Amino acid sequence: MCWALPTIWNLLLTTIVASTAHKSIACDLQFTKGNHKFKGSSKILSLEGSVPQNMFGVDKCFIGFSGNASAWGTIVSFFALGAEGNPPKCKNIEFLMLTDKNHIHHSLDLRNWMYIPEKHFAIGSGSDFAIGAMSAGSTPKEAVILASKHDIHTGLGCKVYSI
């Protein structure tokens, strides 16, 4: 008998943490392809100028992703080309945004963003560890590092962006 993992498992392979208390967002740097993992540069995109102003009504924002890295490449290209037209369709990907207004937003499709009225929030397989760490006073960087100690899909360093 062959068992397939539910689609939601494709959304969970990382840790992205945003905090209004620390005015920052952080990500781990581990990417996975099959049974191999490797270090990437970042899972967070920094946007400023007309693109975030037109799409989100802010001058600057950081958008982190969890899930399908191929879809992420399409999304980065969409923003790099000026975000003209409809956003690309998203499958097996989740987003976390921190804005220059120090607000956290969450989305599964780039079209519908939900405001998160919390001091901190996280997505990915290490999110529970990260939220627990931040509830105990950790910074986003410390939360990602702690998550990497307990979650096999999080690791290989951390990158932090501040507003």
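## After helix H3

Which residue with a positive phi follows H3? The answer is Gly-137, with a phi near 110°. Keep in mind that you are looking at a predicted model.

Let's step back into the helix itself. H3 covers residues 127–135, and its buried residues are Ser-127, Ala-130, Ala-133 and Met-134. Viewed down the axis of H3, these buried residues fall within an arc of 125°, so they line one face of the helix.

What does the buried side pack against? Its partners are strand S1 (16–19), strand S10 (120–123) and helix H4 (140–150). On the face of H3 turned away from the buried side, you will find the exposed residues Asp-128 and Ser-135.

## His-106, a buried histidine

Now move to strand S8 (residues 104–107), where His-106 lies. Is His-106 buried or exposed? Its relative accessibility is 13%, and buried means under 20%, so His-106 counts as buried.

The side chain of His-106 makes a polar contact, at 2.6 Å, with the side chain of Glu-94. Leaving out residues up to four places away in sequence, His-106 also touches others, including Phe-95, Trp-113, Met-114 and Phe-121.

## Gln-53, partly exposed

Helix H1 (residues 50–56) contains Gln-53. With 35% relative accessibility, Gln-53 counts as partly exposed. Not counting residues up to four places away in sequence, Gln-53 touches Val-58 and Asp-59.

Methods
Residues numbered from 1 in each chain as written. Predicted model: local features only at pLDDT ≥ 70, side-chain atom pairs only at ≥ 80, totals over all residues. Heavy atoms only, no water. Buried < 20%, exposed > 50% of the residue type's maximum accessible area, 1.4 Å probe, protein only. Helix = DSSP H or I, 4+ residues; strand = E, 2+ residues; numbered from the N terminus. Arc of directions from axis to C-beta. Contact = heavy atoms within 4.5 Å. Polar contact = N/O pair within 3.5 Å; in protein donor to acceptor, adjacent residues only side chain to side chain.
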